[in-house]
Amino acid sequence: MKPNNLNRQKTVAAWVFISPILILFLCFMLYPIIDSFFMSFYFIRGERQSFVGLGNYIRLMQDTIFWRSVWNMFVILIIQVPTMLLLAMILASILNNPLLKLKGFFRLSLFLPTVTSLVAYAIIFFMLLSFEGIVNSMVKSFHIMPINWLDNPILAKMSLVLAITWRWTGYNMIIFLAALQNIPSSLYEAANIDGAKAWQKFFYITVPQLKPVILFTAILSTIGTIQLFDEPMNLTKGGPSDATLSPTMYLYNTAFKASNVGYGATIAWGIVVLVIILAAVQFKFLGRDD
Amino acid sequence: MKKIKSVLAALLFTVSYNAWAADGTIEIWAWNINVPLLEKAAEEYKKENPKTEIRISDIGGPQDVYTKLSIGLQAKGKGLADVILVEDTHIRGFFENWPSNFTNLSALGYNDNEKYFPAFKVALNKMDGNFYGMPFDAGPVGVFYRPSIFKEAGIEPSTIETWDDYIKAGEAIREKTGAYMTDVRTDDDILVRAMIGTFNTHYFDIDGNIAFNSPEMIEVFTDIKKMNDADILYKGAKGWDGFVQALVNTRTVATPSGAWLAGTIESQAPEQSGDWGVMAMPKNSQGKNASNIGGSNFVIPSSSQNVELAYDFMQYFTTSRPWQEAAFLGGLFPSYLPVYETQSFNQPVAYFNNQPIWADFAKTVKEIPQVNFTIDYSLAREEIIKALSDTVLKNTPIKKALNDAAKRLANQTGRKINKY
């Protein structure tokens with residue numbers, strides 16, 4: 001057998017092995033993505049379809065509800081992502097400490113929220129924070145007026161921040177933990193000789209060394225926040241008065257509840273553009289090689 | 001002998017409905033208590049039409065049915081059932097989005113049944129003068145209340161005629177018992193819908209323009225704001241469960257709701273038997289108080305392979321007095337008018353202190369104004385909920401809250417805002 005032939009056989013085999021996932025990807029990912037792009041230039045409601053050119057995009061630019069939802073996510077993002085990443089990094093450093101006992105237990109308990117179902121945990125936070133919920137019955141036991149967490153625009157946003165942080169800190173912590181193991185221990189040893197304090201080691205060694213991972217987690221979290229859906233849907237239903245509406249919830253309401261499919265596709269592409277812009281900004285500020 | 005029997009059976013049968021030889025298989029999508037009822041009817045129907053097979057699928061809930069229906073319509077009717085149950089609030093959306101995808105029932109003779117249904121149900125099921133849906137149940141609105149608490153506060157329910165009376169009663173109850181009169185949910189439009197439904201206008205006017213700025217809507221919001229300012233509205237409940245819990249825990253003591261609430265209260269608070277009553281809704285400034293919340297209808301997609309059987313069975317079911325009476329006994333409130341004359345409809349109900357509540361609800365059915373839900377109801381609902389939250393939570397002036405909501409809706413739907 002000629003080597004050339006063998007190579008070709010190998011290539012064919014590779015394609016055969018990869019084909020199931022490739023076909024699934026083409027049918028259920030790539031095709032819908034491309035199709036949704038074309039749909040975003042059409043008015044589609046049931047039987048009625050017509051080409052509107054950039055009409056949907058012009059409408060999106062002027063859509064106060066869409067921009068409100070973007071603003072909501074921006075507020076949540078600014079507060080939630082740095083808090084969560086810092087928390088995750090601190091927890092990871094603590095767990096990375098060789099002197100810590102019961103490491104497996106702490107690691108498990110911190111990671112466990114990540115494997116809970118999105119809907120289930122959102123409903124549990126709803127039960128905690130609703131007016132007749134557990135948090136308020138604790139508040140009442142201190143003789144303070146119960147607080148309507150989910151009916152106040154600011155508190156409702158903070159409730160979301162709280163819930164998301166609980167759910168995702170463990171996930172980022174594990175990523176940081178993996179990265180921490182790659183930091184050469186000689187750096188810390190040198191710092192110890194120089195008499196550096198724990199916080200100095202954290203900010204002058206750990207954080208700079210983790211920079212590429214911080215960029216990675218920051219981008220993932222940012223994209224995740226913009227695509228937030230389950231939490232506002234189950235915790236606040238986007239209320240009060242759109243204060244916690246997310247762009248994807250708006251997309252869902254438009255495309256599936258109001259069956260305005262064309263404009264729904266436009267919102268989806270609006271979200272894509274936003275994600276790209278935010279990722280580019282983060283690359284610029286975090287991704288510079290020193 | 002056998003022959004005589006079957007002739008007799010056939011004769012008996014033609015009294016209740018006009019059968020034509022039907023055979024084949026159909027599937028029906030429905031949910032909840034509608035399912036066992038349809039199953040029983042299908043069994044009975046099969047006895048007379050042995051060549052037929054009627055499958056009732058419980059799809060879980062209306063939202064799941066709409067998802068399946070939307071997807072099926074987009075797939076050119078593939079995988080759709082032959083008969084589908086659709087609520088009042090959503091039927092117009094499907095008709096207007098997919099006008100050529102439903103069977104014209106008038107062409108098959110459904111017009112003969114028009115006289116058996118209230119005007120608002122007929123209007124809902126017609127498109128360009130033809131029936132495309134068969135009316136089924138309804139939800140005439142009354143105020144469910146707790147007589148013992150009213151008594152404790154010295155309120156005689158029969159003296160409550162207007163919303164101002166209602167507010168005064170609420171204040172007395174709040175002061176003497178600490179309970180709230182009614183709840184307003186900031187994630188639902190049910191209170192607004194119950195109140196605006198008494199007028200000849202709704203979220204949209206008859207031409208489909210946005211009617212948020214109508215004097216009627218402003219009146220409704222003013223009444224709600226008055227209740228809110230008087231601190232008789234409970235705002236802590238969220239979702240359906242929260243609403244029911246507030247009622248059965250006596251956090252709230254009265255609520256305007258569709259007749260169907262009776263079954264829920266009865267099953268959730270069996271110990272409160274005898275301490276529930278139903279009074280008429282307070283009258284609006286035009287002296288009207290008939291309104292409707294909820295209700296559903298049957299449609300036959302034109303993709304059905306067996307329209308004849310689907311039509312025949314559904315006509316048999318929706319216009320048969322015994323079956324509509326069975327629906328009533330199964331916990332539904334039929335819109336088929338002749339059923340209101342049956343004895344079971346006019347009996348006193350023990351749970352409601354022997355008040356004949358069903359007969360009371362039935363009195364208002366014919367006066368219920370028709371509602372133009374339009375294709376954009378779900379968007380309008382979202383916007384009215386925002387206007388409601390702004391009014392009761394943020395104290396936004398009513399006209400501004402409604403105006404902003406109208407503008408947002410106009411932006412989303414391209415509809416005009418009616419000027420008043």
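Asp189(B) and Arg193(B) are both buried (under 20% relative accessible area, where exposed is over 50% and partly exposed lies in between, with a 1.4 Å probe and protein chains only). The structure is a predicted model, in which local features need pLDDT of at least 70, side-chain atom pairs count only at pLDDT 80 or more, and totals for chains, interfaces and linings use all residues. Residues are numbered from 1 along each chain as its sequence is written, chains are lettered from A and ligands numbered from 1 in the order in which they are written, and side-chain values use heavy atoms, with hydrogens and water left out.

Side chains of opposite charge can pair when their charged atoms come close. A salt bridge is taken as a side-chain nitrogen of Lys or Arg within 4 Å of a carboxyl oxygen of Asp or Glu. Over all chains, 27 salt bridges are counted.

Asp189(B), with a relative accessible area of 0%, pairs with Arg193(B) in a salt bridge whose closest N and O atoms are 3.2 Å apart. Asp189(B) also forms a salt bridge with Arg381(B), with the closest N and O atoms 3.2 Å apart. A network of salt bridges links Lys257(A), Arg185(B), Asp188(B), Asp189(B), Arg193(B), Arg381(B) and Glu382(B).

A further salt bridge joins the side chains of Arg174(B) and Asp231(B) (3.3 Å, N to O). Arg174(B) lies in helix α7 (residues 163-177) of chain B, and Asp231(B), 57 residues apart from it, in the loop between α9 (215-229) and β8 (233-234). Helices (H or I, at least four residues) and strands (E, at least two) are DSSP runs, numbered from the N terminus. Arg174(B) is partly exposed at 22% relative accessible area, and Asp231(B) is partly exposed at 36%.
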